[in-house]
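Subject: Structure handover

Hello,

Please open it first; my notes on what turned up follow below.

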Amino acid sequence: MPRPAPPLLRAASWLRLSASRPPLYVYQSCRLTPRGNLRLLAASTSAAPVEQPAKKPIAELPYDPRTPLTIDHRNRLSTFFAPTGGISVADKNEDVHALLVRAGYIRQAYSGIFHLLPLGLRVQDKIEKLIDKHMRAVGASKLALSTISSEALWKQSGRLEKGGQELIRFKDRKNSKFLLSPTHEEEITSLVASLVTSYRQLPLRLYQITRKYRDERRPRAGLLRCREFMMKDLYTFDVDEQTAIATYNSICRQYRSLFQELKIPFIVAEADSGTMGGTISHEYHYPSPTGEDVVISCTSCGYAANEICAKSAPPKPTSKYDPEVAVFHGITKDRKTLINVFYPKLREPAIDTKKPRIQDADKHADPLPHEGSIHFNEVNPHRIKELIHDYDPSVNSPLELFRQHFTEFDPTASHINPPDLDHPPKKHSSIINIYDYRLSFFPDLKTSFANHSQLSAQFFASKDIPTTTIDPSSKPDVPPLNMLKIVEGDLCPRCSNGSLTLTTAIELGHTFHLSTRYSAPLNARASSCSEEDQGKMMLMSMGCHGVGVSRMIAAIAEGYRDSKGLMWPRVIAPFEVCIVGTKGEGMEDVYDIITSEEPDSDRDEPEPGSGVREVRKLDVILDDRGKTLVWKMNDADLIGYPVVLVLGRVWNTERKVEVQCRSKGLYGKGKSLIVEVGELRKVVNELLNDL
């Protein structure tokens, strides 16, 4: 069977010269005949030339004029893969993930894993370029660490077991244990420890933008919570703690500059370091009604913190709270300790028992609760975790688990002498009672409550269960124990006249001052620069600063959209300007005018010492596809170009361009700008400078 010829490429094809000889292919030059066929003009081959009949073309190939491919210096949608429409259907309740799919930015490959299409990749590339700019401003060098990390290295740092089931682990053919890195603290510390030995090599700032992996139990919200994601990680190494704190503060200032250049709202919140470790931590949140995080901030001062570490000032003693007491049950991870938290059931007195009672979960589902409704208090699980580190907040039925794993206390087991090391006594079950300080507002209220609440009295009958009480309300030198979630209107812990507000948000960045959390176990040391410790090898003080690149795409898309589609900020838009019109009606001329390399109107004067004038070339794309003008306009709205130039009716009659900018309200009949071609570049630049 003859070998099939390769596909046609740039008006050149591969032809079989002779059926009687083995397959031989040549590269040929062609031209288009009046009948729409490709005619061979010249051919070359390494084999001996084959005689051809005179006055007869070597071959003619069919050519389809319906799909011409125009390739020149212009960006054209006819040569750019933008599969808008896709598998998602427009809906009034469409979430941002479905919108990104419909607009041709992403496609899902597997659960929690996504392909970036050309439009999405351009957005991501622009975010990365912006990050590169701000990393250069702090003197950071870019590198690329391996995605694969060793389990042995993670075990050395103490994070292997803490990673739990979210780590994607595997073995090679030699049974060596590896994992796909969700973060690179171990790898970068090990690398620097092998290369840096002197304080003269510090400070050192290294960053990368790379793929990370986390085996999410339940991937959701598209790019916001997925198994594979892009992140920027900056790692800093300093000679001592004081210098590292100064570095941390300078990076925080640069993060603010980064988000300010994006022109998006953001909140800097105090945060918990979690499994990353360290002593100082801040999160950078993008306010969004669909966010998974809650940021608590003051209306008066600059206090802001995430809900895990946020505090509120203790309210003054009052009889506002209903004296009815509720109990929250929890259990430890070993199922041996039952945790009871006692607190006022309601936020206000139940004067009218007919009022509907609303749990906080229902309130969030219905943003307009019934007037005069009564709200229940809720226990803050993070406060329990602070008191009892072994507390398991994932359990839904702690009472039943406590019953199933109950081990009765044996008072003689602890007095065995000598102890039996081969058969140590089993850990017995116990109870911890925690009392919210608001209960002290009611002096007549009994402070003893049933340990078991819903557990049957029969189960606890004649059982000796050791019980511990946590109630610091009687100790004036101990801070009050606030076990309830913070709600709107609680008092600020930092100022005397502020109240707290709650904002749902999406976390875009996180900074950590790690100190010696990783340099100590991985032995990253450098010679000291101080006279007292001259020549002594000291632990480097580290910092880690991350930005979620891929989740930033989804977060910004969520905030910059309307009923027609996306509305990207200029700095990360796939293209700044899109020209739509009927093919052959001067679109190329308009493209060339606004992309001409003329000095930006805002920067006509040369910069000091540069000797040249600043040139600003717009990022423009031409929609030359064989679609109707209305279809192209709707598609441009869906994709979300900051500025759209329409060559429609007014262009055909007056040779003027309609300029649309939905972010500025310049859209629709009577609202769009009608601009002369000579003023077009200036008007477009003025609009883009504000976006």
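Arginine 494 is exposed, at 53% relative accessible area, because the cut-off for that class is over 50%. This is a predicted model, so please read every value here as computed from it. The side chain of arginine 494 meets that of glutamate 270 in a salt bridge, 2.9 Å from N to O. Arginine 494 sits in the loop between strand S22 (467-470) and strand S23 (500-515), while glutamate 270 belongs to strand S13 (residues 267-270), so the bridge ties together parts 224 residues apart in sequence. Glutamate 270 counts as partly exposed, at 26% relative accessibility.

Other salt bridges

The structure holds 37 salt bridges. Two more deserve a look.

Arginine 76 and aspartate 624 meet through their side chains at 2.9 Å, N to O. That pair links distant parts of the chain, 548 residues apart. Arginine 76 is in the loop between strand S4 (60-62) and helix H1 (96-102). Aspartate 624 is in the loop between S28 and helix H12 (629-639). Both arginine 76 and aspartate 624 are buried. They also belong to a network of salt bridges that links Asp72, Arg74, Arg76, Glu588, Asp592 and Asp624.

The other pair is lysine 126 and aspartate 619, with a side-chain salt bridge of 2.7 Å, N to O. Lysine 126 lies in helix H2 (residues 118-136) and aspartate 619 in the loop between H11 and S28, so this bridge ties together parts 493 residues apart in sequence. Is lysine 126 buried or exposed? Lysine 126 is buried, because its relative accessible area is 17% and the limit is under 20%. Aspartate 619 is buried too, at 15%.

Helix H11

Which residues of helix H11 (residues 587-594) are buried? They are Met587, Val590, Tyr591 and Ile594. These residues lie on the same side of H11, because they cover an arc of only 105° around the axis. What do they pack against? The partners include three strands: S27 (577-581), S28 (620-623) and S29 (643-647). Helix H13 (649-654), strand S30 (656-660) and helix H14 (680-689) are also on the list.

Nonpolar cores

The largest nonpolar core has 62 residues. Leu100, Tyr105, Trp568 and Tyr641 have the most contacts inside it. Take tyrosine 105, leaving aside its neighbours within four places in sequence. Its contacts include Leu100, His115, Leu116, Leu117, Leu119, Gly120 and Val123. Leu566, Trp568, Pro574 and Ile639 are in contact with tyrosine 105 as well. Another core, of 25 residues, lies apart from the largest one. Among its members are Ile579, Val590, Val683 and Leu688. Val590 is also one of the buried residues of H11.

A three-stranded sheet

Three strands form an open sheet in the order S8-S10-S9, with antiparallel pairing. Strand S8 (148-150) and strand S9 (168-171) are the edge strands, and each pairs on one side only. On average, neighbouring strands of this sheet are turned by 40° against each other, direction ignored. Four bridges join S9 to strand S10 (residues 177-180), and the two run antiparallel. Lysine 177 in S10 is the bridge partner of lysine 171.

Backbone points to check

Where is the cis peptide bond? It joins leucine 202 and proline 203, with omega about 0°. Proline 203 is in the loop between helix H4 (185-195) and strand S11 (204-213).

Two residues have a positive phi without being glycine. For alanine 221, phi is near 60°. Alanine 221 lies in the loop between S11 and strand S12 (228-238). It is partly exposed, with a relative accessible area of 39%. For arginine 655, phi is about 55°. Arginine 655 is in the loop between H13 and S30. At 41% relative accessibility, arginine 655 is partly exposed.

Best wishes

How values were computed. Residues are numbered from 1 along each chain as its sequence is written. This is a predicted model: local features need pLDDT of at least 70, side-chain atom pairs count only at pLDDT 80 or more; totals for chains, interfaces and linings use all residues. Side-chain values use heavy atoms; hydrogens and water are left out. Buried means under 20% relative accessible area, exposed over 50%, partly exposed in between (1.4 Å probe, protein chains only). The arc is that of the directions from the helix axis to the C-beta atoms. Contact means heavy atoms within 4.5 Å. A salt bridge is a side-chain nitrogen of Lys or Arg within 4 Å of a carboxyl oxygen of Asp or Glu. Two strands pair if DSSP finds at least two bridges between them. Axes are lines fitted to C-alpha atoms, for helices over the stretch in contact, and angles run from 0 to 180 degrees between N-to-C directions. A nonpolar core is a set of buried Ala, Val, Leu, Ile, Met, Phe, Trp, Tyr and Cys residues joined through side-chain atoms within 4.5 Å.
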